[in-house]
Amino acid sequence: ETNAALCERVYSKYSHSSVPEYRAYAAAAQMSMANHVWNPYSKWHYFNTGKTQLEQLIQSYPALIELRYIRYTIQRHAPAMLGYNTHQKADRNLLLKSVARLQQSDPFLFFRCKAVLNL
């Protein structure tokens with residue numbers, strides 16, 4: 001999120017991927033681009049475009065825990081004035097319920113979830 005060129009590369013490389021998790025990271029990169037522009041309209045546009053993409057992915061793939069992890073981390077760090085925090089509690093609860101299962105199925109995501117949940 002601190003490197004504009006990397007955000008652009010991630011977005012351009014993965015935004016049309018057939019893998020929903022890759023597209024979710026591309027949407028997060030799109031949202032992070034708001035940190036790298038000065039114009040308030042551009043900030044809003046980058047953030048909302050990525051948010052819409054991420055929300056559509058979650059609607060299409062509600063069982064993918066990694067998508068909820070991505071949304072939860074974004075909502076935890078998004079400025080309150082953006083109003084993007086409505087799913088934070090539900091996503092946290094889902095991650096808490098899933099973290100034990102992730103230890104076996106996806107150790108990398110397990111450790112990332114533990115870190116973001118402060119476990």
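1. Which residues have the most contacts inside the largest nonpolar core? They are Leu54, Tyr69, Ile70, Ile74, Leu95 and Cys113. The core has 25 residues. Keep in mind that this is a predicted model.

2. Next, see where the core residues come from. The largest share, six residues, comes from H4. As a general point, nonpolar side chains tend to be buried together in soluble globular proteins.

3. Cys113 is among the core residues with the most contacts. Leave aside its neighbours within four places in sequence, and Cys113 is in contact with Tyr69, Leu95, Val99 and Leu102. Two of those partners, Tyr69 and Leu95, are also on the list of core residues with the most contacts.

4. Now take the helix pairs. Two packed helices are described by the angle between their axes and the distance between the axes. H5 and H6 pack at an angle of about 145°. Their axes are 8 Å apart. The crossing of H5 past H6 is left-handed.

5. Who makes that contact? On the H5 side, the residues are Arg92, Leu95, Leu96, Val99, Leu102, Gln103, Gln104 and Ser105. H6 brings Pro107, Leu109, Phe110, Cys113, Lys114 and Leu117. By class, the contact of H5 with H6 has nine nonpolar, three polar and two charged residues.

6. Helix H1 (residues 4–14) and H2 form another pair. They pack at an angle of about 145°, with axes 8 Å apart. H1 passes H2 in a left-handed crossing. From H1, Cys7, Val10, Tyr11 and Tyr14 take part. They meet Tyr22, Arg23, Tyr25, Ala26, Ala29, Gln30 and Ser32 of H2. Sorted by class, this contact has eight nonpolar, two polar and one charged residues.

7. Is Gln30 buried or exposed? Gln30, found in helix H2, has a relative accessible area of 8%, so it counts as buried. Residues up to four places away in sequence are not counted here: Gln30 touches Tyr11, Tyr46, Thr49, Gly50 and Gln53. One of these, Tyr11, belongs to H1.

8. Gln75 lies in helix H4. Its relative accessible area is 2%, so Gln75 is buried. Beyond its neighbours within four places in sequence, Gln75 is in contact with Glu55, Tyr84, Asn85, Thr86, His87 and Gln88. A polar atom of the Gln75 side chain lies 2.8 Å from the backbone nitrogen of Gln88. Compare Trp44: this residue is 31 residues from Gln75 along the chain, and the two C-alpha atoms are separated by 15 Å.

9. Arg68 is found in helix H4. What is its relative accessible area? The value for Arg68 is 15%, and buried means under 20%, so Arg68 is buried. Not counting residues up to four places away in sequence, Arg68 touches Ile58, Pro62, Asp91, Leu94 and Leu95.

10. Finish with Asn118. Where does Asn118 sit? Its place is in the segment after helix H6 (107–117). Asn118 has a positive phi of about 60°, although it is not a glycine. Its relative accessible area is 64%, so Asn118 is exposed.

Key: Residues numbered from 1 in each chain as written. Predicted model: local features only at pLDDT ≥ 70, side-chain atom pairs only at ≥ 80, totals over all residues. Heavy atoms only, no water. Helix = DSSP H or I, 4+ residues; strand = E, 2+ residues; numbered from the N terminus. Buried < 20%, exposed > 50% of the residue type's maximum accessible area, 1.4 Å probe, protein only. Core = buried A, V, L, I, M, F, W, Y, C linked by side-chain atoms within 4.5 Å. Contact = heavy atoms within 4.5 Å. Polar contact = N/O pair within 3.5 Å; in protein donor to acceptor, adjacent residues only side chain to side chain. Axes fitted to C-alpha atoms, helices over the stretch in contact; angles between N-to-C directions. Left-handed = near helix turned anticlockwise from the far one by under 90°. Nonpolar A, V, L, I, M, F, W, Y, C, P; charged D, E, K, R; others polar.
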